[in-house]
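This report examines selected features of one protein structure. Please keep the sequence and the model in view while reading.

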Amino acid sequence: MRFRSLNAAQRKYALIASMVLATTVPGCLSAGRGVQHLYRDPPRALADVDWEPANSAVARLQSGKASDCRSVETDIRAAPTRYSPPALYALSECLFEMGRRQEASFWFYAGQLRARFDANRSADESSGAVVDLLNDRYGPKINPWAFGDLQRLAATVDEVLKWDEATPHHYDPRWINMLSLHAYESPDFAGPFTKPETEWHAIGERTRAEYRQGFENAVKLLREHAV
């Protein structure tokens, strides 16, 4: 179901929901300003960040070929720990365009949750704006469809939370710092770029709890407006 096929009430509810789910990361930055930084060379201290395999996956997913989408999906399912959130977001878009919308919604929200964790464990508060940019880029089609069936979405959110807790993060978390405003305004900054690793487990637990609460708040708002 595309956004334009939703009725006025559904569009309003989807907008409320997407706004609620977009408010739990720090460092709000206007999307217009942030996009300017996505294509610049990285700061010197981040030159060693390994963008692969996410970069390769995103490039293949943007080819427009269904065969590339299926191939990347197979790769990500086989080794999900290796892919940073941008690859999961891009996979969601590709699957959605193929008509596999339930699977698309899973990978969209999985990417969103992981991106929020990376923003929360970043020492750069402007990293949260990167999550906003990704949501703005990939969310306009998937959010309205997903929030069209709250029971189905609740099951998806539960699945995403369980998957995230059980699936390690073996990619370089500094990918998010490479896209942040602070990194480009201070190209000589040498770090630290993340909070101490000893805090990551607790940050992950808190991020998942906040994510679930954000979803529950969104559902409550939707139901109140439905009355």
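Which residues does Asp 172 touch, not counting residues up to four places away in sequence? Asp 172 touches Val 49 and Asp 50. The model discussed here is predicted.

## The surroundings of Asp 172

Asp 172 is found in the loop between helix H8 (150-166) and helix H9 (175-178). Its relative accessible area is 18%, and buried means under 20%, so Asp 172 counts as buried. The side chain of Asp 172 also makes a polar contact of 2.8 Å with the side chain of Arg 174.

## Helix H4 and its two sides

Helix H4 comprises 13 residues, 66-78. From its first C-alpha to its last it reaches 18 Å, close to the 18 Å expected at 1.5 Å a residue.

Four residues of H4 are listed as buried: Cys 69, Val 72, Glu 73 and Ile 76. Viewed down the axis of H4, these buried residues fall within an arc of 105°, so they line one face of the helix. The buried residues of H4 pack against helix H3 (54-61), helix H5 (85-97) and helix H6 (101-121). On the other side of H4, Thr 74 and Ala 78 are exposed.

## The disulfide

The count of disulfides comes to one. This disulfide joins Cys 69 to Cys 94, with an S to S distance of 2.4 Å. Cys 69 lies in helix H4 and Cys 94 in helix H5, so the pair ties together parts that are 25 residues apart in sequence. Both cysteines, Cys 69 and Cys 94, are buried.

## Salt bridges

Side chains of opposite charge can pair when their charged atoms come close. A search of the whole structure finds 15 salt bridges. One of them is formed by Asp 118 and Arg 121, at 2.8 Å from N to O. Asp 118 and Arg 121 are three residues apart in helix H6, and are therefore separated by about one helical turn. Both Asp 118 and Arg 121 are buried.

Another salt bridge links Arg 100 with Glu 103, whose closest N and O atoms are 2.8 Å apart. Arg 100 is partly exposed, with a relative accessible area of 22%, and Glu 103 is partly exposed at 29%.

In helix H11 (residues 200-226), Glu 205 and Arg 208 are three residues apart, so about one helical turn separates them. Glu 205 forms a salt bridge with Arg 208, the closest N and O atoms being 2.8 Å apart. Glu 205 is partly exposed, with a relative accessible area of 34%, whereas Arg 208 counts as buried at 12%. Elsewhere, salt bridges that share partners join Glu 73, Arg 77, Arg 100 and Glu 103 into one network.

Notes: Residues numbered from 1 in each chain as written. Predicted model: local features only at pLDDT ≥ 70, side-chain atom pairs only at ≥ 80, totals over all residues. Heavy atoms only, no water. Expected span 1.5 Å × (residues − 1). Buried < 20%, exposed > 50% of the residue type's maximum accessible area, 1.4 Å probe, protein only. Arc of directions from axis to C-beta. Contact = heavy atoms within 4.5 Å. Disulfide = S-S within 2.5 Å. Polar contact = N/O pair within 3.5 Å; in protein donor to acceptor, adjacent residues only side chain to side chain. Salt bridge = Lys/Arg side-chain N within 4 Å of Asp/Glu carboxyl O.
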